[in-house]
Amino acid sequence: LNVVPDDWRADVLRDMASHLADGGMMIINTRGVEDAKTVKNKVELDDETEILISNGKGGYRSYQKFFTHDTLSQFITDTLGDGYVVEKANKNNAGFANSNAVVVRKRNTLRGSTKK
């Protein structure tokens, strides 16, 4: 989701989530805000977390949106709503721990909860 422009990001996330079965999960891992500080040849857009990376020759290579765990979780929660549970990825739920990764589970529509 960090390379998807703002105006497409919510639609891309909704499409990804639409493929989950009840109780299904997906892991989303994005570049963290701290990574933005290490990028050279960049042009900031709306703020320091949203940039275009320059090729150094007047052109651009890629778009990047950098997230904190909280901003990523909030974006996913706001976009997908109550039908999904968002939690920080850890060794128990994702098999690894990463400060910017989240696990998204689709609630079981029959009971309103998630399968484990």
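**Before selecting**

This is a predicted model, in which local features need pLDDT of at least 70, side-chain atom pairs count only at pLDDT 80 or more, and totals for chains, interfaces and linings use all residues. Residues are numbered from 1 along each chain as its sequence is written, and side-chain values use heavy atoms, with hydrogens and water left out.

**Stop 1: the whole chain**

Display the protein as a cartoon. Its secondary structure amounts to 3 helices and 6 strands; helices (H or I, at least four residues) and strands (E, at least two) are DSSP runs, numbered from the N terminus. Along the sequence the pattern reads α-β-α-β-β-β-α-β-β. The C-alpha trace spans about 55 × 30 × 20 Å along its principal axes.

Colour next by accessibility. Of the 116 residues, 40% are buried; buried means under 20% relative accessible area, exposed over 50%, and partly exposed in between (1.4 Å probe, protein chains only). For contacts, meaning heavy atoms within 4.5 Å, 51% of those with a separation of 6 or more join residues 24 or more positions apart.

**Stop 2: the sheet E2-E3-E4**

Select residues 42-44, 50-54 and 60-65. In what order do the 3 strands of this open sheet lie? The order is E2-E3-E4, with antiparallel pairing; two strands pair if DSSP finds at least two bridges between them. From one strand to the next, the twist averages 25°.

Focus on E3 (residues 50-54), which is joined to E2 by 3 bridges and to E4 by 5 bridges. Val43 has Leu52 of E3 as its bridge partner, while Ile51 is partnered by Gln64 in E4. Since 4 of its 5 residues are buried, E3 is largely enclosed by the rest of the structure.

E2 and E3 form a hairpin with 5 residues between them. E3 and E4 also form a hairpin with 5 residues between them, and Gly56 in that turn has a positive phi of about 80°.

**Stop 3: H1 against H3**

Select helix H1 (6-18) and helix H3 (69-80). Two packed helices are described by the angle between their axes and the distance between the axes. Here the axes come within 10 Å and cross at roughly 70°; axes are lines fitted to C-alpha atoms, for helices over the stretch in contact, and angles run from 0 to 180 degrees between N-to-C directions. H1 and H3 are therefore roughly perpendicular to each other, a class covering 65 to 115 degrees, beside roughly parallel under 35, roughly antiparallel over 145 and oblique for the rest.

Show the side chains of Arg9, Ala10, Leu13, Arg14 and Ala17 in H1 and of Phe75, Ile76, Thr79 and Leu80 in H3, which make the contact. These residues divide into 6 nonpolar, 1 polar and 2 charged. In this grouping Ala, Val, Leu, Ile, Met, Phe, Trp, Tyr, Cys and Pro count as nonpolar, Asp, Glu, Lys and Arg as charged, and the others, Gly among them, as polar.

**Stop 4: the cores**

Select Leu13, Met26, Ile28, Ile76, Leu80 and Val104, the residues with the most contacts inside the largest nonpolar core, which has 15 residues. Such a core is a set of buried Ala, Val, Leu, Ile, Met, Phe, Trp, Tyr and Cys residues joined through side-chain atoms within 4.5 Å. Helix H1, strand E1 (25-29), helix H3 and strand E6 (101-106) each give two or more residues to this core, and H3 gives the most, with 4 residues.

Centre on Ile76. Not counting residues up to four places away in sequence, Ile76 touches Leu13, Ile28, Gly81, Val86, Val102 and Val104. Apart from this core lies another, of 6 residues, including Val33, Ala36, Ile51 and Ile53.

**Stop 5**

Finish at Asn41, in the loop between helix H2 (33-36) and E2. Asn41 has a phi near 55°, a positive value in a residue other than glycine, and is partly exposed, with a relative accessible area of 47%.
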